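Me: I've got a structure to go through and would like to take it piece by piece. Here it is.

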Amino acid sequence: MFAAVAAVFGLLVGSFLNVVIHRLPLILERQWRAQAAEVEGRSPLPPGERYDLVHPRSRCPACDAPISALQNVPVLSWLFLRGRCAACRAPIPIRYPLVELATGAAFAAVAWHFGFGLQAALGLTFTAYLIALTGIDVDRQLLPDILTLPLLWIGLLASHWHAPSHAFAPPVSAADAIAGAVAGYLFLWSVFQLFKLVTGKEGMGYGDFKLFAAIGAWLGWQMLPLVLLLAAVVGAMVGLLLILLRRHGKSVPIPFGPYLAGAAWIALLWGPPIVDRYLGASGLR
C-alpha cells in the first residue's frame with residue numbers, strides 16, 4: 001500500500017519536476033542577466049510579469065493558451081490529448097509523461113525497498129533532486145547550485161539521525177557523510193585539473209564536482225567508487241553509441257550529471273549487495 005501511494009505521489013511530484021526542469025534555468029538566466037547589467041552599469045530590463053516556479057500558470061509554449069487543471073493530470077492528460085495542445089494542436093514533448101512515469105516508478109521502488117519511515121522519506125527526497133538535475137543537465141548541460149548545494153546540505157544534516165543498522169543507506173554516519181562529500185568533490189576536481197593540464201581543455205563542469213560531493217554526503221564515501229564506475233561505464237557506452245549512430249559529434253560534450261545521478265540511485269537501493277557480491281567474487285572478502 002505504501003508503495004502504491006508513493007507511486008501516485010511520484011506522478012504528482014513528477015509533474016512539478018517538469019516545471020522545475022523547464023523554468024529553473026530560465027529563472028536563473030534572468031537573474032544572471034540582471035546581475036550582468038548591474039555590474040556593467042546598464043539599466044536592467046523592466047521586471048515584467050512575475051515568473052517563478054508557481055507563477056504564471058502553465059501555458060502552451062506554442063500558442064500561450066493556459067492549461068487547465070484537467071489538462072494537467074499526470075500522464076492521463078497527455079494520453080487523452082494524444083500528445084497535442086488542446087488549443088493549437090502543437091505537439092507536447094513525450095518527455096513530460098516520461099518524467100512523471102519515471103518519478104512515479106522510482107518513488108514506488110524506494111518505498112518498496114525501505115518501507116515506511118525516515119529512510120524512505122530521505123530516499124524520495126534524494127530521488128526527486130536527482131531527476132530534476134538529470135532533466136536540467138540533459139536540456140542545458142547545467143547542474144545549478146540552487147539544487148546541488150541544498151542536496152549536499154540535506155545529506156550532511158540527515159547524517160545526524162544515523163543508526164548503525166542503516167549503514168550505506170541514508171542517513172549514513174556523520175563521519176562517512178563528511179568524508180564522502182570531501183572525497184567526492186576533490187576526486188572529480190583532481191580529474192578535471194589533470195585532464196586540463198594534459199589536454200588544455202575542460203573535461204567536465206564544476207556542477208559535476210558538487211553533485212558527486214552531494215552523492216558522497218548521502219551515501220558515504222564507501223559508495224563513491226561504485227557510483228563513479230557505473231556512471232563512467234554507462235556514460236562511455238551511451239556516448240559511443242551516439243557517435244556510432246552519428247547523432248552526436250565527437251567534439252560535442254555529453255553531460256555527465258545524468259549518469260552520476262542514475263548510478264547514485266542504483267547505489268541507493270542496491271549498492272551494498274553489489275559491493276558485497278563484487279568483493280566476494282574477487283576474493284577480497
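Me: Let's start with Val 75: buried or exposed?
Reply: Val 75 is buried, with a relative accessible area of 12%. Buried means under 20% relative accessible area, exposed over 50%, and partly exposed in between (1.4 Å probe, protein chains only). One caution: this is a predicted model, where local features need pLDDT of at least 70, side-chain atom pairs count only at pLDDT 80 or more, and totals for chains, interfaces and linings use all residues. Residues are numbered from 1 along each chain as its sequence is written, and side-chain values use heavy atoms, with hydrogens and water left out.

Me: Where is Val 75 found?
Reply: Val 75 sits in the loop between α1 (2-39) and α2 (76-80). Helices are DSSP runs of H or I with at least four residues, strands are runs of E with at least two, and both are numbered from the N terminus.

Me: What about the phi of Val 75?
Reply: The phi of Val 75 is positive, about 65°, although this residue is not a glycine. Gln 141 is another non-glycine residue with a positive phi, near 50°. Gln 141 belongs to the loop between α4 (118-140) and α5 (145-158). Gln 141 is partly exposed, at 44% relative accessibility.

Me: Zooming out, how many helices and strands does the chain have?
Reply: There are nine helices and zero strands. Read from the N terminus, the order is α-α-α-α-α-α-α-α-α.

Me: And how much of the chain is buried?
Reply: Of its 285 residues, 39% count as buried.

Me: Next topic. How do α5 and α6 pack?
Reply: Two packed helices are described by the angle between their axes and the distance between the axes. For α5 and α6 the angle is about 155° and the axes are 8 Å apart. Axes here are lines fitted to C-alpha atoms, for helices over the stretch in contact, with angles from 0 to 180 degrees between N-to-C directions.

Me: What do you call that arrangement of α5 and α6?
Reply: α5 and α6 are roughly antiparallel to each other. That label goes to angles over 145 degrees; under 35 is roughly parallel, 65 to 115 roughly perpendicular and the rest oblique. The crossing of α5 and α6 is left-handed, which is the term if the near helix is turned anticlockwise from the far one by less than a right angle (clockwise is right-handed).

Me: What does the nonpolar surface patch consist of?
Reply: Ile 178, Val 182, Leu 186, Trp 189 and Tyr 206 make up a patch of about 480 Å². Patch residues have over 30% relative accessible area and no salt bridge; nonpolar side chains (Val, Leu, Ile, Met, Phe, Trp, Tyr) are joined within 5 Å, like charges within 9 Å.

Me: Which helix gives the most to it?
Reply: Helix α6 (residues 174-199) does, with four residues. Ile 178 is in helix α6, and Ile 178 is exposed at 51% relative accessible area.

Me: On to charges: how many salt bridges?
Reply: The count is three, where a salt bridge is a side-chain nitrogen of Lys or Arg within 4 Å of a carboxyl oxygen of Asp or Glu. One of them pairs Glu 29 with Arg 33, and their closest N and O atoms are 3.0 Å apart. Both lie in helix α1, four residues apart, about one turn of the helix. Glu 29 is partly exposed at 28%, while Arg 33 is exposed at 52%.

Me: And the one with Arg 95?
Reply: The side chains of Arg 95 and Asp 139 meet at 2.3 Å, N to O. Arg 95 is in helix α3 (residues 95-114) and Asp 139 in helix α4, so the pair ties together parts 44 residues apart in sequence.

Me: Which residue does Lys 210 pair with?
Reply: Lys 210 forms its salt bridge with Asp 145, with closest N and O atoms 2.8 Å apart. Lys 210 lies in helix α7 (residues 206-219) and Asp 145 in helix α5, so parts 65 residues apart in sequence are tied together. Asp 145 is partly exposed at 36%.

Me: Last one: how far apart are Leu 226 and Gly 271?
Reply: They are 45 residues apart in sequence and 7.5 Å apart in space, C-alpha to C-alpha. Leu 226 lies in helix α8 (residues 224-244) and is buried at 10% relative accessibility.

Conventions. Accessible areas come from the Shrake-Rupley method with a 1.4 Å probe; for residues, only the protein chains shown count as cover.
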